[in-house]
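I opened my notebook to record what I looked up in this structure. The entries follow in the order I made them.

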Amino acid sequence: MSNRNLAQLLTLAGAASILGSIVIWSSQGGQSKSAEERAHGERFGIFVGLWAPTFFILANRAAAQARRES
């Protein structure tokens, strides 16, 4: 896999992390009846959303490496 393809894959993973965070929060955190379940859903949604910056940083590194190689 080339660094350019890896950068695209990591960018998509970052976007999926953001969307996944919203879906998790809305399905688990926003709809539950008990406060404990809502809190768990909110924390899990935030946890998944925090992966996005890591994926974007790695995508940036892979893209920079691809530019140096070409």
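What should the 15 residues of helix 2 span at 1.5 Å a residue, and how far apart are its end C-alpha atoms? I worked with a predicted model here. Helix 2 runs over residues 35–49. Its 15 residues should span 21 Å, and the end C-alpha atoms are 21 Å apart, so the two values agree.

Next I looked up burial along helix 2. I found Gly41, Gly45 and Val48 buried. They cover an arc of only 65° around the axis, so they sit on the same side of helix 2. On the other side of helix 2 I noted Ala35, Glu36, Arg43 and Ile46, which are exposed.

Then I turned to Phe47, which also lies in helix 2. Is Phe47 buried, partly exposed or exposed? Its relative accessible area is 46%. Buried needs under 20% and exposed needs over 50%, so Phe47 is partly exposed. I also checked Phe47 against Leu12: they are 35 residues apart in sequence. In space, their C-alpha atoms are 18 Å apart.

My last entry is on the surface. Which residues form a nonpolar patch there? I listed Ile18, Leu19, Ile22 and Phe56. Together they have about 370 Å² of accessible area. Helix 1, residues 3–29, gives the largest share of the patch, with three residues. Phe56 is found in helix 3, which covers residues 51–69. At 34% relative accessibility, I put Phe56 down as partly exposed.

Terms used. Residues are numbered from 1 along each chain as its sequence is written. This is a predicted model: local features need pLDDT of at least 70, side-chain atom pairs count only at pLDDT 80 or more; totals for chains, interfaces and linings use all residues. Side-chain values use heavy atoms; hydrogens and water are left out. Helices (H or I, at least four residues) and strands (E, at least two) are DSSP runs, numbered from the N terminus. The expected span of a helix is 1.5 Å times one less than its number of residues. Buried means under 20% relative accessible area, exposed over 50%, partly exposed in between (1.4 Å probe, protein chains only). The arc is that of the directions from the helix axis to the C-beta atoms. Patches are made of residues with over 30% relative accessible area and no salt bridge: like charges are joined within 9 Å, nonpolar side chains (Val, Leu, Ile, Met, Phe, Trp, Tyr) within 5 Å. Accessible areas come from the Shrake-Rupley method with a 1.4 Å probe; for residues, only the protein chains shown count as cover. A salt bridge is a side-chain nitrogen of Lys or Arg within 4 Å of a carboxyl oxygen of Asp or Glu.
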